[in-house]
Amino acid sequence: MTVQSKTNQVLKGALALSATDPQAGVIQLEDELKLARARGDMASIHKLARNAAIICSSGLGEFRRALAYLEEALRSQPDDASLYALSSDLHRVLGDSDKAEASLSRSVVLAREQGDLEMASALNAKLASLKTS
């Protein structure tokens with residue numbers, strides 16, 4: 001079994017587990033993240049940290065913890081527009097409108113650069129709404 005196959009298998013199990021026990025799902029992802037960090041496997045770090053952030057925010061309501069995972073995912077793949085959009089949401093929930101706006105602006109730029117004009121347009125509308133609120 002390849003390293004990526006093992007990571008995908010752990011991720012699938014953790015996501016299934018998180019439906020009924022989000023904390024246990026995050027623990028599984030964290031265990032696999034430790035191994036990915038030791039290997040310097042940036043693709044696995046990105047995938048695992050991103051999903052840990054999502055579970056922490058939506059399943060556990062632990063927004064600061066989610067942001068820490070998200071920042072790790074961004075370090076492993078700094079051109080992921082969707083991560084900046086999620087980062088914006090977390091900063092907004094945590095009350096930091098300046099960071100929320102900066103993250104969303106970065107997300108718009110990245111989406112445009114990557115040719116995803118539909119995503120850029122949707123994010124730009126969200127940014128305009130954020131600026132008026």
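Visitor: Which residues of helix 3 does helix 2 meet?
Guide: Contact here means heavy atoms within 4.5 Å, and helices are DSSP runs of H or I with at least four residues, numbered from the N terminus. From helix 2, the residues taking part are Pro22, Val26, Leu29, Glu32, Leu33, Ala36, Arg37 and Arg39. Their partners in helix 3 are Ser44, Ile45, Leu48, Ala49, Asn51, Ala52, Ile55, Cys56 and Gly59.

Visitor: How many residues of that contact are nonpolar?
Guide: Ala, Val, Leu, Ile, Met, Phe, Trp, Tyr, Cys and Pro count as nonpolar, Asp, Glu, Lys and Arg as charged, and the others, Gly among them, as polar. In the contact of helix 2 with helix 3, three residues are polar and three charged, while the nonpolar ones number eleven.

Visitor: What can we trust, and how is it numbered?
Guide: This is a predicted model, where local features need pLDDT of at least 70, side-chain atom pairs count only at pLDDT 80 or more, and totals for chains, interfaces and linings use all residues. Residues are numbered from 1 along each chain as its sequence is written, and side-chain values use heavy atoms, leaving out hydrogens and water.

Visitor: Are helix 6 and helix 7 roughly parallel or roughly antiparallel?
Guide: Axes are lines fitted to C-alpha atoms, for helices over the stretch in contact, with angles from 0 to 180 degrees between N-to-C directions. Those of helix 6 (residues 97-113) and helix 7 (residues 117-132) come within 8 Å and cross at roughly 160°. Angles under 35 degrees count as roughly parallel, over 145 as roughly antiparallel, 65 to 115 as roughly perpendicular and the rest as oblique. Therefore helix 6 and helix 7 are roughly antiparallel.

Technical notes
Helix = DSSP H or I, 4+ residues; strand = E, 2+ residues; numbered from the N terminus.
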